[in-house]
Amino acid sequence: MVDKLVSKIALELQSYKVEPKVQGLALDKNEMPWSVDNIVEEALIKRIRNMEFNRYPDNDSTELKTALSSYTGIDPKSISIGNGSDELIHMTLQAFVDPGDAIVIQSPTFSMYKIYGTMCGARVLEYNLDNAFGFELSDYIDYLQRERPKLVILCNPNNPTGRGLGLQAIEQLLEKVESIILVDEAYFEFSGLTAAGFLSKYDNLIILRTFSKAFGIASSRVGYMLASPAAISFVERTRPPFNVNTFAQITAVEVLKNIDLVKERIELIKGERKRLTKLLTEIEELQCFESSSNFILMKSKRAGAIYKGLYEEGIYIKSFSSSKLKDCLRVTIGSKLENDRFYKAVKEVLYESI
Ligand code: PMP
């Protein structure tokens, strides 16, 4: 019965695949390797004791927006909070895209853009990156001026390639393209580059960030948007009521109160990124792409064997089904010990199985 009733849009979709959670070393989801610090944990325990579990959350996330405003220097009226930045991607598309409108994403990039675009009935146009996952800015801008999409999504730095676009390039894009420009800065803390400085000048710029990566609270599902008050007011129309649960709001606030601890950890990851990139680059069978994020993309004719060998060791990294990412694997930067374990396992597959 249901197969006769399903919507055309749902028929086009496939559910987002996540490997079942198993014991082992998870280097596949770009998470931080550490849970919250003891100081944050203690603060959370105290707050849980006072939490009114019977009450709905604060629909405006007032405390969190105030904390985010101090952290970002952006007015609370220019902030919206989502149940993960995933929800904010969906909300943005619902706010600005009508069925049949074109949106442009890059390819390869984060898979949810296409899924949410399809869910909104958008024509999802994919601008192909070159073999090194870069692109010519003038060609990209020409393409956007020709296609005149309603909305452009730029993942900066890009997932899964790790490559980032400089601020001058983003400014040119904002100057020359009359679309909503959605810059997904899920990994910005690892690159240090943000388009936030352009917000006061361009009301069509929307920036998305998340607490799931550098802030290390993926379990809480908190994302936030920075945009002009006008853009925020449209996006807010598509926000489900009470979308961010009380515990998630509290966790994000307590993490922000201890921002120095977060910053220390980001520095550790950046140091490990440099070390691991150097080690992987020295392996002849691997091509390792420079990353400004908390993961590294690698390419190897023996990608299948590496993935399988690591999996059997209980080390989980990300493989891809799309042809554009043929022979590619993505590994999240972990702690020093985790990275050493990963590196040793890769070498074992490559040199001890021949
Ligand atoms: N954007 C990008 C580029 C991502 O890689 C991810 C998570 N993998 C997200 C958004 C979603 O993050 P979250 O919903 O956990 O905030």
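Q: What is meant by a cavity, and what is meant by its volume?
A: A cavity is a set of grid points where a 1.4 Å probe fits but cannot get out, and its volume is the space filled by probe spheres set on those points. In this predicted model, about 120 Å³ of space lies in the largest cavity.

Q: How many cavities of 30 Å³ or more does the structure hold, and which residues lie nearest the centre of the largest cavity?
A: There are two cavities that reach 30 Å³ or more. The largest cavity has a lining of 14 residues, and those nearest its centre are Val36, Asp37, Phe215, Val262 and Arg265. Helix H12 supplies the largest share of that lining, with three residues, and by class the lining has nine nonpolar, three polar and two charged residues.

Q: What lines the second largest cavity, and how do the residues of its lining divide by class?
A: The second largest cavity holds about 30 Å³ of space, and its lining is made up of Asn59, Asp60, Ser61, Lys65, Ser80, Ile81, Glu236, Arg239 and Asn243. Of these lining residues, one is nonpolar, four are polar and four are charged; Ile81 is the nonpolar one, because isoleucine is counted in that class.

Q: What makes a space a pocket and not a cavity, and which residues lie nearest the centre of the second largest pocket?
A: A pocket is an open set of points, whereas the probe in a cavity cannot get out. The second largest pocket has a volume of about 150 Å³ and is lined by 13 residues, with Phe133, Phe135, Arg163, Gly164 and Leu165 nearest its centre. Its lining divides into six nonpolar residues, six polar residues and one charged residue.

Q: Why is Thr92 called buried?
A: A residue counts as buried when its relative accessible area is under 20%, and the value for Thr92 is 0%, so Thr92 is buried. Thr92 lies in helix H5, and, leaving out residues up to four places away in sequence, Thr92 touches Leu151, Leu182, Ile206, Met225 and Val235.

Q: What makes helix H11 covered, and against which helices do its buried residues pack?
A: H11 is mostly covered, with nine of its 12 residues buried, including Gln249, Ala252, Val253 and Leu256. The buried residues of H11 pack against helix H3 (38-49), helix H4 (62-72) and H12.

Q: What makes a group of residues a nonpolar core, and which residues have the most contacts inside the largest one?
A: A nonpolar core is a set of buried nonpolar residues joined through side-chain atoms within 4.5 Å. The largest has 82 residues, and those with the most contacts inside it are Leu64, Leu205, Phe211, Leu280, Met298, Leu310 and Phe342. Helix H12 (residues 259-281) gives the most to this core, with seven residues. Apart from this core lies another, of 28 residues, among them Met91, Ile103, Cys155 and Ala227. In soluble globular proteins, nonpolar side chains tend to be buried together.

Q: Is Cys288 buried or exposed, and with which residues is it in contact?
A: Cys288, whose place is in strand S9 (residues 287-288), has a relative accessible area of 16%, and since buried means under 20%, Cys288 is buried. Leaving aside neighbours within four places in sequence, Cys288 is in contact with Thr277, Leu280, Thr281, Ile296, Leu297 and Met298.

Q: Is Arg148 buried or exposed, and where does Arg148 lie?
A: Exposed means over 50% relative accessible area, and Arg148, at 66%, is therefore exposed. Arg148 lies in the loop between helix H7 (137-147) and strand S5, and Arg148 has a positive phi of about 45 degrees although it is not a glycine.

Key
Residues are numbered from 1 along each chain as its sequence is written. This is a predicted model: local features need pLDDT of at least 70, side-chain atom pairs count only at pLDDT 80 or more; totals for chains, interfaces and linings use all residues. Side-chain values use heavy atoms; hydrogens and water are left out. On a 1 Å grid over the protein atoms alone, a cavity is a set of points where a 1.4 Å probe fits but cannot get out, and a pocket is an open set with protein on both sides within 12 Å along at least five of seven lines; lining residues have an atom within 4 Å of a point. Buried means under 20% relative accessible area, exposed over 50%, partly exposed in between (1.4 Å probe, protein chains only). Helices (H or I, at least four residues) and strands (E, at least two) are DSSP runs, numbered from the N terminus. Contact means heavy atoms within 4.5 Å.
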